[in-house]
Amino acid sequence: MGLTPYLAFAKKSFLSKSAYRLDHWMGILNTMIRLFIFVEIYKSLYGTREAVDGITMTMVTTNFILSLCLESFFAVDDFYLSSRINNGSIATEMLLPVSFHGRMLATNLGTAVFKLIFHFIPALLLAIFFIGMEAPAGAGNFVLFILSAILGYGVLWSISFMFQMLSFWLINVWAIMTIKNVFINVLSGSMIPLWFMPKWMSGVINFTPFASIYFSPVQIYLGNIGAAEIGMCFVKQIVWILVLMIIGKLLWIKGQKKMVVQGG
Amino acid sequence: MKNDVIKLSATYTKMIFRSWFQYKVDAILRSLAVFMREATSIIVIYFTLTKFDSINGWNIYEMLLLFSLVYMTYGILIIFFTGLRDFGHTVRDGSFDRYILRPRGLLFQLIFANADWFAAVGHGGLGILLFVISAAKLGVVWTPLRVLYYVFAIIGGVLIQGAIFLFLATLNIYLLETNMLKEVFYWNMRKFSGYPMSIFHKAIQFVMTFIVPFAFVNYFPAQFILRKDDMAAYSEIFMYIAPFVGIVLYMLAYLFWRFSIKYYKSSGN
């Protein structure tokens, strides 16, 4: 059996994404508008200054382009589990001879691949053409950037995975997911580049998984950090994925026992 | 009939509160989540201005005044217009058909059956808090004219956004999926209307003034007391007509709704 059913799930979600064309084009436009606006804000903040704390305007631009483009393809469905608990279909899905979590990941990956091709790449090209950004610091940096971005997606996915397991205990996980996303938005560097965070805040962020999502890949791309620090970034990403997934799995085992299916 | 309208809207409101209090923990968590989500922009601007002091001459308190008008108007907006904001969903799952069968105006049902009071408190509370703090820190002197201006500016701001919702809701009759349009033309504009419009590209300023006129929700009303240098780029008239733009816009959107509702076809089965 192997991977075949999961490929089918991924393909299905890939194809269902392509059904909403208008939505899709609007999504790209949306990313572009947000990018333009962030860049305008920072242009105004920089004024005539070349650099602030050694960070140039193009580095800021590059940070926003990479973070927002990555954000556009890092597909996570925060309500995958809760929607299945609420409508009762979880009961039949758990009887299927495929792993529930495998299916969940495959579905998200199918969407992610679709968005990588049809959202990330066009948005990135448009951004390079209309706004312009720095080239990667080197070929090695570029390869490591891609690896680190994939792990960044892993971290984002694992955070969602862990929080989704709370669906077993909460009637509605919307509030928890919203609060989770507030932390991701503020602390991951996609709304304010982490270089400009106050010192004490950077200290706090160091102990959270959030900088591992977008900011580590960006730092590697720009060549802002040395080999030792790059290694540290990878270790952090892997450790966070493991920790979050293990907590998630433990919650899953506990939750299954007390699952209450409403209707179905 | 008049009496009936009041009674019916009271019943709807009572029903909404009852369903909210069914799940108390959820209701509290929800309000907290809304509050935190909305405070995100404030946190971001706070950290940014800790580093950079001011943006195009606007300091943190002047920025908070801009934000406060967005939140206050939205707080009132979702009491009346939540049904229109989520109209796409109502159409897609077919429950709009039920509304049609009932012996009351469609717009009336959409407005009163969906008021989101908890979020209204979250948004409105944050808005009032920011408004009071920034006005005090900026030493605003409240003349009767200014008070009157702000009362009308806030009502106008609610109507501008209500008109946008109504317009997008009407589009649902023609297109089944308009969420992304809303994301682009409403939510993005709203997110960035917290910044002084003058820092943006001319094209965006044009959109914010003439197409999705968010500038009349907060930028021009804020200029009415702040009179920052960047106002020189715009006609003074914008400041004075700000309270009235909403009325005109809402009337236009309403005519579009009346015209289009005749063409509604159900997507349900």
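Reply: Of the 269 residues of chain B, 40% count as buried (20 or more other C-beta atoms within 10 Å of the residue's own, with C-beta atoms placed from the backbone). This is a predicted model: local features need pLDDT of at least 70, side-chain atom pairs count only at pLDDT 80 or more, and totals for chains, interfaces and linings use all residues. Residues are numbered from 1 along each chain as its sequence is written, while chains are lettered from A and ligands numbered from 1 in the order in which they are written.

Chain B has 13 helices and zero strands (DSSP runs, H or I of at least four residues for helices, E of at least two for strands, numbered from the N terminus). Its C-alpha atoms fill a box of roughly 55 × 40 × 35 Å along the principal axes.

Now the packing. Helix α2 (residues 24-52) and helix α8 (residues 117-137) of chain B pack at about 35°, axes 9 Å apart (lines fitted to C-alpha atoms over the stretch in contact; angles run from 0 to 180 degrees between N-to-C directions). From α2(B), the contact uses residues including B:Val34 and B:Phe35; from α8(B), B:Phe118 and B:Leu126 are among them (contact: C-beta atoms, placed from the backbone, within 7 Å).

Note on methods
Contact = placed C-beta atoms within 7 Å. Buried ≥ 20, exposed ≤ 12 C-beta atoms within 10 Å, placed from the backbone.
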